[in-house]
Amino acid sequence: MNDYRGKRIIVTGGLGFIGSNLAIRLVEAGASVTIIDSRVPGCGANLFNIAPIVPGIDLIESCIGDVERFASALKEADAIFNLAGEISHSRSMDDPERDLYLNTVTQLRFLLACRANCPGARILYASTRQIYGKPVYLPVDEQHPVQPIDFNGVHKCAATQYHLLLARRGDLDCRVLRLSNVYGPRMALHLPQQGFLGVYVARALNGEPIVVYGDGEQLRDPVHVDDVVEVFLRAGLAPDLKSRVFNVGGPQPVTLNEIAAAAARQSGRSPIHHLPFPEHLIRMDIGSYFSDLTRTQRELGWVPSIEFEAGLKGTLAYYREHRDRYFGFTKQPELPTAARLEYPAVTQ
Ligand SMILES: NC(=O)c1ccc[n+]([C@@H]2O[C@H](COP(=O)([O-])OP(=O)(O)OC[C@H]3O[C@@H](n4cnc5c(N)ncnc54)[C@H](O)[C@@H]3O)[C@@H](O)[C@H]2O)c1
């Protein structure tokens, strides 16, 4: 990763889970890193996430849509890892306009600013497996139909297409990674809406029951954040990948029962409870999913290397050491409603 030495890199969403892990690796590789993050209430921003690299980076506390606040940083950027976004599927159903704003409006503004200020920079976008919806075949490759089952999937799909459109037009060099369920240090464990892996880790840590809905035989391919960071770094270095899309998933499919059992083992005291699917979740269930990683392996030379149980063990060790930084507050921060996000007025 010496190729990042001396490079000027922007990480949007760099106070969050994946962005902070990426920023830390980039600093270790000798890059000059600028984080743009507005600490959106309800997302995973946590200043402690970047403790290992402060001071030593530039932090611009700004929404990625407020482009005038960081245009000069864009002008100097060699590459941009674009990880800002809202990841909660359930919250997108509760407040679709909030999700629309965070995942599309601000993304579009950001990309247009990149086109104006740094058309030569490489842009790596964190998309999601959620855009595939309920798989019609397994494993899911990049040609699988796109048929999201929640607003978050629809909006992430739109943002993915913004990146690909500008790349096809030759305006920007965008590459897209479609991430499966990511886990590891620096997840926002206090936000259960961010997904079941964070919930299982939190419950294992606290010795609380781990709840599996349905029969628990649905498959997932959890991928450790260190593997995700590695594939982002590779995608950022590879030449001639404009408008290419890559799946990113874990080393093997595992059932929710197996994931819960692993969490319970690592906890040593968490029981497992099976419950029927709650009505509001059943309509958001995608059944089984795991990624076909053939293209990612062939073109980026990447395969996930961290086995789930080993990755989970290291994850729990991180949170045992820094528990107060991730559980120091029990109350949810207040969420901005769509109305309070101050949309620009529509003009003729
Ligand atoms: N965690 C996963 O399992 C997963 C899976 C698939 C895709 N992804 C994608 O990866 C990216 C990062 O996810 P994460 O798990 O690190 O989430 P996270 O919530 O931990 O971090 C997201 C960060 O983005 C910031 N942010 C959001 N909107 C912003 C905006 N408009 N301007 C500035 N900052 C903004 C938030 O403040 C937060 O710090 C997201 O785009 C997400 O959709 C994540």
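Five bridges join strand β6 (residues 173–179) to β11 in this predicted model, and the two strands run parallel. Within this pairing, Val 176 stands opposite Val 245 of β11.

**The sheet and its covering helix**

Strands β6 and β11 belong to an open sheet of seven strands, whose order is β3-β2-β1-β4-β5-β6-β11 and whose pairing is parallel. The edges are formed by β3 (58–60) and β11 (244–248), each of which pairs on one side only. From one strand to the next, the twist averages 20°. Helix α7 (residues 225–237) packs on this sheet and touches β4 (79–82), β5, β6 and β11. The direction of α7 makes about 160° with that of β6. In general, the strands of a sheet pair through backbone hydrogen bonds, in either a parallel or an antiparallel manner.

**Helix packing around α11**

Helix α11 (residues 308–321) takes part in a packing with α8 (residues 256–267), and α11 also packs with α6 (residues 196–206). The geometry of the two pairs is set out below.

| Helix pair | Angle | Axis separation |
|---|---|---|
| α8 and α11 | about 45° | 10 Å |
| α6 and α11 | about 60° | 10 Å |

For the pair α8 and α11, the angle of about 45° makes α8 oblique to α11. The crossing of α8 and α11 is right-handed. On the α8 side the contact is made by Ala 262, Ala 263 and Gln 266, which meet Phe 308, Glu 309, Leu 312, Lys 313 and Leu 316 of α11. Classified by residue type, the contact of α8 with α11 holds five nonpolar, one polar and two charged residues.

The helices α6 and α11, at an angle of about 60°, are therefore oblique to each other. The crossing of α6 and α11 is likewise right-handed. Here Val 201, Ala 204 and Leu 205 of α6 are in contact with Thr 315, Leu 316, Tyr 319 and Arg 320 of α11. The contact of α6 with α11 comprises five nonpolar residues, one polar residue and one charged residue.

**Surroundings of the ligand**

The ligand has 31 residues around it, of which Gly 13, Gly 16, Gly 44, Ala 45 and Gly 85 come nearest. Helices α1 (17–28) and α4 (96–117) and strand β5 (122–128) each supply at least two residues of this shell. The largest share, three residues, comes from α1. By class, the shell around the ligand consists of 16 nonpolar, 11 polar and four charged residues. Strand β5, which contributes to the shell, is also one of the strands touched by α7.

**Backbone features in the loops**

Most residues other than glycine have a negative phi, and most peptide bonds are trans. A cis peptide bond joins Val 54 and Pro 55, with omega about -5°. Pro 55 lies in the loop between β2 (32–36) and β3. The loop between β2 and β3 also contains Arg 39. Phi of Arg 39 is near 50°, a positive value in a residue other than glycine. A cis peptide bond is likewise present between Leu 138 and Pro 139, where omega is about -10°. Pro 139 is placed in the loop between β5 and α5 (151–168).

Key: Residues numbered from 1 in each chain as written. Predicted model: local features only at pLDDT ≥ 70, side-chain atom pairs only at ≥ 80, totals over all residues. Near = placed C-beta within 6 Å. Helix = DSSP H or I, 4+ residues; strand = E, 2+ residues; numbered from the N terminus. Nonpolar A, V, L, I, M, F, W, Y, C, P; charged D, E, K, R; others polar. Axes fitted to C-alpha atoms, helices over the stretch in contact; angles between N-to-C directions. Parallel < 35°, antiparallel > 145°, perpendicular 65-115°, else oblique. Left-handed = near helix turned anticlockwise from the far one by under 90°. Contact = placed C-beta atoms within 7 Å. Pairing = 2+ DSSP bridges.
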